[in-house]
Amino acid sequence: PGSVPAGLQATKVGQKVTTPNGVVYEALDLGTSEEGVRNGPPRSQANVYVKYTGHINGFDGPIFDSSTFRGSRKPNKSDYIESRLNLDPTLPPCMFEAIKLMKVGGKGRF
């Protein structure tokens, strides 16, 4: 789970990319145009900071989970979470796959 072939990523906004496990990711913002390990896409076991909102029954449905909800339980009230890719048991494998298709500052939906 969470495996994404090297080089698989969206090259323009609105492009949909499908991973081997069937996750369909749509790029809403490509993020940085810089190249390098620190600019992404991240690799397995990398620490990443993520803002997300999970909806039921489509992107306009009721919210069931979000980084804001999780952050509000912490003393510093972060609206993002820090996660280690493929090792955080509280996030689904499809989220790890989608994150691996992004670069720093990128936005997308899946």
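**Entry 1: a strand pair**

I started at Thr18, which stands opposite Val24 in β2. I noted that this is a predicted model. Next I looked up the strands around that spot. β1 and β2 run antiparallel, and three bridges join them. β2 takes in residues 24-29.

**Entry 2: the sheet**

I then asked which strands make up the open sheet, and in what order. There are three, ordered β1-β2-β7, and their pairing is antiparallel. I checked the edges next. β1 (16-18) and β7 stand there, each with a single partner strand, so one side of each has no neighbour in the sheet. I also looked up the twist. From one strand to the next, the twist averages 35°.

**Entry 3: the largest pocket**

How much of it lies in the largest pocket? I found about 1,400 Å³. The lining of this pocket has 43 residues. Closest to the pocket centre are Val50, Lys51, Ile99, Met102 and Gly106.

Which elements give two or more residues to the lining? I listed β3 (47-50), β4 (53-55), β5 (63-66), α2 (93-99) and β7 (107-109). β3 gives the largest share, four residues.

Last, I sorted the lining residues of the largest pocket by type. I counted 20 nonpolar, 14 polar and nine charged.

Note on methods:
Residues numbered from 1 in each chain as written. Predicted model: local features only at pLDDT ≥ 70, side-chain atom pairs only at ≥ 80, totals over all residues. Heavy atoms only, no water. 1 Å grid on protein atoms, 1.4 Å probe; cavity = no way out; pocket = protein on both sides within 12 Å on 5 of 7 lines; lining within 4 Å. Points joined across faces, edges and corners; volume = space filled by probe spheres on them. Nonpolar A, V, L, I, M, F, W, Y, C, P; charged D, E, K, R; others polar. Pairing = 2+ DSSP bridges. Axes fitted to C-alpha atoms, helices over the stretch in contact; angles between N-to-C directions.
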